[in-house]
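Here is a short briefing to read alongside your structure.

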Amino acid sequence: MEFSSGGGGGGGSSGGDPGDGSDSHRRKKRYHRHTAHQIQRLESMFKECPHPDEKTRNQLSRELNLHPRQIKFWFQNRRTQMKAQHERADNCALRAENDKIRCENIAIREALKNVICPSCGGPPVSEDSYFDETKLRMENAHLKEELDRVSSIAAKYIGRPISQLPPVQPIHVSSLDLSMASFGGHGIPGPSLDLDLDLLPGSSSSVIPNLAFPSMSISDMDKSLMADIAANAMDELIRLLQSNEPLWIKSADGRETLNLESYERMFQSPNTHLKNPNIRIEASRDSGVVIMNGLALVEMFMDANKWVELFPTIVSRARTMEVISSGMLGNQSGTLLLMYEELQVLSALVPTRQFYFLRFCQQIEQGSWAIVDVSYDIPHQESQFTSSCKAYRLPSGCLIQDMPNGYSKVTWVEHWEVEDKAHIHRLYRDLVHSGLAFGAERWLSTLQRICERFACLMVTGNSTRDLGGVIPSLEGKKSMMKLAQRMVNNFCSSINPSNGQQWTTLSVLNEFEVRATLHKSTDPGQPNGVVLSAAATIWLPIPPQIVFNFFRDERTRPQWDVLSNQNPVQEVAHIANGSHPGNCISVLRAFNTSQNNMLILQESCIDSSGSLVVYCPVDLPAINIAMSGEDPSYIPLLPSGFTISPDGRPDHDQAGGVTGGDGASTSSNTGIGGNSSGSLITVVFQILVSNLPHARMSPESVTTVNNLIGNTVHQIKAALNCSTS
């Protein structure tokens, strides 16, 4: 220990003369260290009396030739040190006790799994056989994944594929029929889908196998190369984050794009990673405040499953292929991952971006992290990509900085080289070529909205506007929010399915084309059977905000819902999940229908990049289960809905402006897409064709889907006064 000659202890003087605070006095302080004899005498006295009185301190000071204040502060520091040691010992004891209890808990759970019925010797039967069947289906799905994994490992060593077990016939679920006859829960009769005819010509060839991920065998040399690539990418990202003009150019609407000439001079990068000279460069930067602490964001970004949960509207699929370096425990600094990812725009008209990449996390300073992504080529794998878009991700990522009250400031950079093997559809050409479709603004606005949703999920107070008293508790609110989140995730994954399905054009009408795909649904939490997904995209000369309000408002729902037969709809429960009033969950009930036991679960969400309105019919017993706070994972969902995005065209491209349904000129900058005055609307329907596993899409079903989408589009245009657009 060191003490000043003025008598202070513990790293500085305390209680000295008034002039002790002056700079000249601090420069004259002299420090010295206690001798071994002094420390030994003080320690022996501390064992006898940790709190000596003034008389004892004076006696010690004379004996040890120390100032009384030095004695006083030594004992204070020693008591503080002992207290910290005792607290550490208590923490260790509590941690050991916690580990012991956890082990006992695991043992009890394992014992409960092995409980047998005393009468029949089998497992105990639950009262709810419906959810037991769904739970068994989920377990079967996990077992099939495990079988595929083991088979691939075995095939690697014996040199030939392992034949797998034949598929098990799925169990018929009769408690919730989402076929066309009752779709939407409105009880509106419709034509049945003929399941006995063959597939449409060309439909069978549109199904491709799942992307076969390679079995990774990464050498130390490969890992060293990956580490070098990641380190160089991190250096480039930090320079991109910290630089301003002339490297970054800010447009009139505040959007930051990269000055390519300044970039090439600064980094002296090679001309291109892609060989086609007709590549496009997309580069943008954005920053904002997020309602989540930095470390929590870092943990979610470095977990592939949580990464998809954060960005369901952008990331259709993500997987960690290999952990190259595990980094530091507790803050992910130094973690290096090899990952695979598919990025999407929520439309069947825009191809996905498929690529392998390295993700590297580094803590810059206390409370500040940088995460960089950079594409990494794996030999012989690009040939398996099905997308007509070839994309290379140059160093991109984000800087996460902790702020007070659990907030974070996030600065995001996106930098791409893109080669379009086929022309982008005319409706999305402006949006994609402008860089908005996969730009930094879309990532950041989506992150802000999702983090607001997580914050609402964690709120302990009851923030619901429960119109009918149907959500009795906070647990019920959380269960409903989880159910709605799964519905939105299911909807987003249906637009660009990752199960090898490709869209087939069913018909090309005057103003839009209808595309469809047929796939067998075996995922947990979905109706078991064959599902038909159909989608069409239209353009309307109306700002996205107006279109979004039209779809989410239950009072205008009869104007576009062709299955409601123009019956009014009432909102019976409402849960806010964001600061914007459009970010909410609703439970709707249709009047004057024959199916009073069906409700509609709807979630609407909006941010600066676009919006969604997703809905799904759910039977009353299932809604009651969720509202009571029970686990909603086994409730089957088959959602439909709308995606709304700006068209990417500036106002001056749409001469004269067009008047929207509310009489407001849409040439003004009122949409959520910045300067965009028009909207791209994708209509998506999912229909359970049959519970049979080998049902076929017939001409009758094609006619039904075309009529359903065509009538919906017609009613939307009529309601918004856009019939002639």
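**Helix, rings and cysteines**

In helix α2, the residues Q38, L42, M45 and F46 are buried. Their arc around the axis is only 105 degrees, which puts these four on the same side of α2. Please keep in mind that this is a predicted model.

**More on helix α2**

- Turn to the other side of α2 and you will find A36, H37, Q40, K47 and E48, which are exposed.
- Helix α2 runs over residues 36-48, and its 13 residues should span 18 Å at 1.5 Å a residue. The end C-alpha atoms of α2 are 19 Å apart, which agrees with that expectation.

**Aromatic pairs around F642**

- The count for this structure comes to 20 aromatic pairs.
- One of them joins F551 and F642 in a stacked arrangement, with 4.0 Å centre to centre and 10 degrees between the planes. This pair links distant parts of the chain, since F551 belongs to helix α13 (residues 544-552) and F642 to strand β20 (residues 640-646), 91 residues apart.
- Are F551 and F642 buried or exposed? Both F551 and F642 are buried.
- F642 also forms an aromatic pair with W560, and here the geometry is edge-to-face: the centres are 4.9 Å apart and there are 90 degrees between the planes. W560 lies in the loop between α13 and β16 (569-576), whereas F642 is in strand β20, so the pair ties together parts that are 82 residues apart in sequence.
- W560 has a relative accessible area of 1%, so W560 is buried, the cut-off being under 20%. F642 counts as buried too, at 1% relative accessibility.

**An aromatic cluster and charges over rings**

- F301, W307, F311, W412 and W443 come together as one aromatic cluster.
- A second case involves W416, where the charged end of R353 sits over the ring, 5.1 Å from the ring centre.

**Cysteines**

- How many disulfides does a search of the whole structure find? The search finds zero.
- C584 is in no disulfide, and the nearest cysteine sulfur, which belongs to C605, is 9.5 Å away. A disulfide needs sulfur atoms within 2.5 Å.
- C584 counts as buried, at 4% relative accessibility.
- C456 is buried as well, with a relative accessible area of 16%.

Methods:
Residues are numbered from 1 along each chain as its sequence is written. This is a predicted model: local features need pLDDT of at least 70, side-chain atom pairs count only at pLDDT 80 or more; totals for chains, interfaces and linings use all residues. Side-chain values use heavy atoms; hydrogens and water are left out. Helices (H or I, at least four residues) and strands (E, at least two) are DSSP runs, numbered from the N terminus. The expected span of a helix is 1.5 Å times one less than its number of residues. Buried means under 20% relative accessible area, exposed over 50%, partly exposed in between (1.4 Å probe, protein chains only). The arc is that of the directions from the helix axis to the C-beta atoms. Rings of Phe, Tyr and Trp (its six-membered ring) pair if their centres lie within 6.5 Å; planes under 30 degrees apart count as stacked, over 60 as edge-to-face and the rest as tilted. A charge sits over a ring if NZ of Lys or CZ of Arg is within 6 Å of the ring centre and within 35 degrees of the ring normal.
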